[in-house]
Amino acid sequence: MVKISLKDVGVQFEVRRHGRVTLKEYVLKGMFRRKRNPVITVNALHDVSFEAQEGDRLGIIGHNGAGKSTLLKLIAGVYPPTHGTRDVIGRTSSLFDVTLGFELDASGWENIKYRAYLLGETPQTITPKMQEIAEFSELGEYLDMPLRYYSTGMIVRLGFSIATAIHPEILIVDEVLGAGDKSFLSKARARMDEMFQTASLVVLASHDLNAMEELCNRVIWMDHGSIRQMGPPKEVIAAYSEQQTSTSSKLAA
Amino acid sequence: MILHATQYLNEIWRKRYFWMSLVKVDLRKRYRRSVLGIGWSLMHPIAMTGVFCIVFSQLFGQDILTYAPFVLSGLAFWSYFTGVLTESCQCYFSGEAYIRQSPAPLAIYPLRTTVGMAIHFVVALVVLMVLVWSTSGFGNLASLWMLAPTLLLFFVLGWSVAIIFGVINVVFQDMQHMVQVGMQALFYMTPIFYRAQMLRDRGIGWIVDANPLAACLEMLRKPILEGQAPSMAATAYACSFVLVMATIASLTLAKVEKRLIFYL
């Protein structure tokens, strides 16, 4: 069974205005340092509750900083909830920033393995997929070279090829397709569509409202860290774009 | 509680291919384009042993054939311990990209540091064995099995301090500098290049007797250098020290496992 269930989930953390606190400041805490380096509580998510079952294609929309990425990372298990309960059943795989988390001194082949191992693969399960990943990335001989010499686009291709070669039950996608040339982009789109078909549950955050309406059966509108509206894509997206145009016209006025 | 710990260890085991490959990357990166390769990890203790032998075997009036293995065994342990401590301070920063990508037990990043250092330690141990066998024969063969618990103990000790210092350094980055200063001081308070007896004869034996690292060292030296079992007192002290460290490490992990990412 595959499901996501969030109940009154909140993610709250504290940061210092001037970066981290040093040991000296910690010792002197309460004397005079506190005022200079105040604690700011970031309320990244609050009171988020929803359930998603097998077959759901969940879209998440909202402005920058509305909590979309935090919500995705929470579902993926990267961020723990600081309030409420998070219950996710099923093997998850996430496509966040695919360029992160590579060993620059290792070759492309090796990095395929490391990334796959992190996602829970074993040498037995990854060996048959290696060739397919290599072919999809179209990197050819570059795979023998250390990643240090790759361009950004090449790293994106490699990261995307690895992340999508593993078929998860729950797929979590955060606007990934930034770089890469045109031909790879269309190939990546096709691969995404295929993954949308095969994964039993998909959560997707994007600014591409047309794609959202097409792909999703339910859309969540995030605003200031909480759910503003949730329901059928048409309704929510219409309400969202209406609010967007009204704020932008207000700005223009 | 027990169930939770087993689950956690299980999860670490499931991710073994991941952290083992990171250890491999670290090793390769360290010796990239170097002629001696892993031989460099031996050069340091061997060269230091040479220096100590020249200076202190004269100064202390020690026979060089017994003094050289004595110093080498001390330095091998010491470079393992300081290596783990200083490198672990960076372990969560070097693993940050992974931590932000995919959930995995936080203990695997200190484990990566510890296993890397342990490999160097084992290589140094082989050299030490060869040295002992060539200077004083094979008298220690019968007691070598006693090294098994010692090595396990060292491993748990390394992993625990790596967890503790890795986490502390995320919160207070001054830690890595304090560690360097502290280890330098501790080096002279541990019987690495002098014998504990020398301090006892001068009435300051408490320095080494209170030092848990001295007890750990005895667990390494007795079986290898003298072919004997370590004393009960040293064994008990070393074991309880490691147990305390492991407990602190577990409690630390339990506290920060879900929060560390907010500090990175």
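Predicted model: local features only at pLDDT ≥ 70, side-chain atom pairs only at ≥ 80, totals over all residues.
Let's start where the two chains meet. On the chain B side, 32 residues are in contact, and they touch 36 residues of chain A. The area buried between chain B and chain A comes to about 2,900 Å², and carbon and sulfur atoms give 59% of that. Which residues of chain B lose the most area to chain A? Those are Tyr17(B), Gln101(B) and Phe262(B), and together they make up 25% of what the chain B side buries.

Now the charged pairs. The rule finds three salt bridges across the interface of chain B and chain A, while the count over all chains is 15. I want to show you two that involve Glu103(A). One is with Arg112(B), where the closest N and O atoms are 3.8 Å apart. That pair crosses between chains: Arg112(B) sits in helix α7 of chain B, residues 108-136, and Glu103(A) is in the loop between β5 and α4 of chain A. The other is with Lys29(B), whose side chain meets that of Glu103(A) in a salt bridge, again 3.8 Å from N to O. If you have the viewer open, centre on Glu103(A) and you can find both partners, Lys29(B) and Arg112(B). As for polar contacts across the interface, the rule finds three residue pairs.

So what is the chain B side built from? Four helices each supply at least two residues: α2 (16-30), α6 (96-101), α8 (147-171) and α14 (260-263). The largest share comes from α2(B), with seven residues. By type, the residues on that side divide into 18 nonpolar, four polar and 10 charged.

Over to chain A and its sheet. Here six strands form an open sheet with mixed pairing, and the order is β5-β6-β7-β3-β8-β9. Why do β5 and β9 of chain A each have one side without a neighbour in the sheet? They stand at the edges, β5 at 92-95 and β9 at 226-231, and each has a single partner strand, so one side is left open. From one strand to the next, the twist averages 15°.

Within that sheet, have a look at β3 (57-61) and β7 (201-205) of chain A, which run parallel and are joined by four bridges. To pick out one of them, Gly59(A) has Leu204(A) as its bridge partner in β7(A).

Two residues have a positive phi although neither is a glycine. Asp8(A) has a phi of about 45°, and that residue is in strand β1 of chain A, residues 3-16. Glu138(A) has a phi of about 60° and lies in the loop between α5 (123-137) and α6 (152-165) of chain A.

That's my tour; over to you for questions.

Technical notes:
Residues numbered from 1 in each chain as written. Chains lettered and ligands numbered in written order. Heavy atoms only, no water. Contact = heavy atoms within 4.5 Å. Buried area = accessible area lost by both parts, 1.4 Å probe. Salt bridge = Lys/Arg side-chain N within 4 Å of Asp/Glu carboxyl O. Polar contact = N/O pair within 3.5 Å; in protein donor to acceptor, adjacent residues only side chain to side chain. Nonpolar A, V, L, I, M, F, W, Y, C, P; charged D, E, K, R; others polar. Pairing = 2+ DSSP bridges. Axes fitted to C-alpha atoms, helices over the stretch in contact; angles between N-to-C directions.
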